[in-house]
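I am opening a notebook page on this structure, to record what I looked up and in which order.

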Amino acid sequence: MNNKKHTITAALPYANGALHLGHLAGAYLPADIYARFLRLQGKDVAFICGSDEHGAAITIRAKKEGRSPQEIIDTYHNLNKETFERLGISFDKYHRTSAALHHETAQDFFKTLLEKGGEFEVKESEQYYDEDFNQFLADRYIVGTCPKCDHPEAYGDQCEKCGSTLSPTELINPKSTLSGKLPVLKKTKHWYFKLDKHSDWLKEWINTGKVDGKQLHDPKTWKTHVIGQCNSWLEEKVDQETGKKTGGLLPRAITRDLDWGIKVPVEGGEGKVLYVWFDAPIGYISATKQWALENDKDWESYWKGEDIELVHFIGKDNIVFHCIVFPAMLKAHGDYVLPKTVPANQFLNLEGKKFSKSRGWVIEQHQYLNDFDAFPNKEDALRYALIRTLPENKDGDFKWDEFVALHDNELVANLGNLINRVITLTHKYYEGKVPAANPTTVIKDVEEDSTTTIEEALKVLLLKVEKLETCILNYEFKNGVQALMDISSYANILLQRNEPWKIWKGEPDSELVKGVMNLSLQIATVLSVASQPFLPFTAAKLRNLLGLEALQIGDFDRLKTLLAEGKTLLENGHAINTPELLFAKINDRKDKSRLALVELQKEKLEVLKQKQAAAEAAAAKEAEPVKAECTFDDFVKVDFRTGTIVAAEKVKKAKKLLKLTVDLGFESRTVVSGIALHYEPTEIIGQQVVLVANLAPRKMMGIESQGMILMAENEAGKLIFVSPKDTAMNGGAVK
């Protein structure tokens, strides 16, 4: 008997806001596919997650909204937990780090490391302090300019633009998020985890899979970008000029001066809490404990021992914590298993732009479910679109047009069409019962001018099922869902090549028709099992259509065994239920309601895009620095005159330039102005302007420009004329 345990974790989401589709594609959907599949294989699985309810992000949100941190975490824990359930994310336990059991577990973990000796050091250091609020500032309470990419809103622990991990003192022009003022440095004491002492074994483990001579994982199964990011942290460099070592791991402070979080359980820890990135991953352990208590299981058997497979599903911004910090904590503790792999995904973008909660550029998971309430099988429609664009090895992009195309061209036209035809024809030909078929019956194969038998086709089907299995076990979920659709395509082609509807008209008792329909129903049964990790709601609906019981643990392995032995999956005479559509087309000439839902989402994003563009233009305008100081004597040297445009024409071979004739009253001037993208020549005839009249002439595109017209920019970025409110005399001086 195989007693191997499979502990699967998905990154604990912060309980300070609703989760968007980028989160779903990054960690939770891949983890759910993997967990569901292992259960179908009959594996012993603990799929663990929960809300991360400590840290500065929670208290910042609470202060902004005038609520307590407890109110914030209760709101978003419940919202996100319910949303995961609605989307079919099959956690065995969705816990929370505010629970008493988690506090106890995290404090015990800290005390164990402390008692071991050599893992912590207590250091006094200078930390930013907000004098207005009489408070030390946690990393997320400090913002400033990133020293790596110049992003002006980097946090004290990380720049969310370039992804660099930072310390608060590295920020340029730091300011407190509480008072908005420059914080001061003040001495404080903290416990530091000696991460640097774990550097050597971490390097070996990540790059070779070995620890203390034992092969714990195959590094070939780790994603390249995961290993690369880890090595960039582990690598020590030497400055050629100073000879000073840079890079490499350093001791990491694991306590903070805050009043929200897990209290530091030792003398001298008053007023301090455990750093959220020490506390949060221990949440996987405490969640497993809670699940074990509720299900009469031994939690330690999922975290301690030889026969355990631990896999962390995360986004790439969490790689360092799950591949370096947490493994070092586990090994320092001494009796915990290390992860077999950490298949971190890259980022998912939305219509070509990075998801941004602060700018509203998001599709929140719960909002999608609410907006698409009347959309048939909305959960699997979203799951499928996300799986097909998963950012497994590079950033992906969710687009509404692709959502429609994938839904109609693949879910409807391939999978949905197959099932509808098979169920409908079975009722038409055999009163909804599986026809008996001779396994040696010869039918047309998928290739032109080739034939096969029912039993040979089932062998081909087994190979396709095994391919799907290999993809999932290698964390290649995009390839896995394509393997699923390949099974459906295979059945569609067999149906189309054999055209049983033509033969049945003249020969209702045809052995070929019976064989083709029997085989099609067997393939539909395979799809009812193989689709479950990807499309659980569709799988349940398909099982019902086929008159089958709900899926049980181990059904995938039982399916493979039957296929390998050439046994039937549906008994002859088995009754199936009446036809029902799995999916309804979005682009439907008779019913445009589903397309209207999608178009509304696109309109929302377009409005938001325009608002953002206007805001960015306004910000750029506001941010434009004031020019160097000049004296009054310098200013009065400039001769501003009013004039009227009396002629205008486009300059050949110049998209931006117009040639203008300006009447100054006492003379006319030729002026070349870069306003052609904003105005047609005919619409500015008669426009009064302000001209810099004593600017030295300059040739542009072979035309001598005898002055410059003053222009301003509005919020939309359009150039507008600077002109007198009332009509002024041409040639009059502007003073």
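The entries below cover an annotated site and then some salt bridges.

I am working from a predicted model, in which local features need pLDDT of at least 70 and side-chain atom pairs count only at pLDDT 80 or more, while totals for chains, interfaces and linings use all residues. Residues are numbered from 1 along each chain as its sequence is written, and side-chain values use heavy atoms, with hydrogens and water left out.

Entry on the site. I looked up the UniProt annotation "binding site" in an unreviewed entry, and it covers C146, C149, C159 and C162; such annotations may be inferred rather than shown by experiment. These residues are spread over 17 residues of sequence, yet they cluster in space, with a largest C-alpha distance of 8.8 Å. I found C159 to be buried at 0% relative accessibility (buried means under 20% relative accessible area, exposed over 50%, partly exposed in between, with a 1.4 Å probe and protein chains only), whereas C149 is partly exposed at 26%. Leaving aside neighbours within four places in sequence, C149 is in contact with C159, K161 and C162, where contact means heavy atoms within 4.5 Å.

Entry on salt bridges. I searched the whole structure and noted 43 salt bridges, each a side-chain nitrogen of Lys or Arg within 4 Å of a carboxyl oxygen of Asp or Glu. One of them joins R96 and E53 at 2.9 Å, N to O, and both residues are buried. I also noted D371 with K604, whose closest N and O atoms are 3.3 Å apart; this pair links distant parts of the chain, 233 residues apart.

Methods
Helix = DSSP H or I, 4+ residues; strand = E, 2+ residues; numbered from the N terminus.
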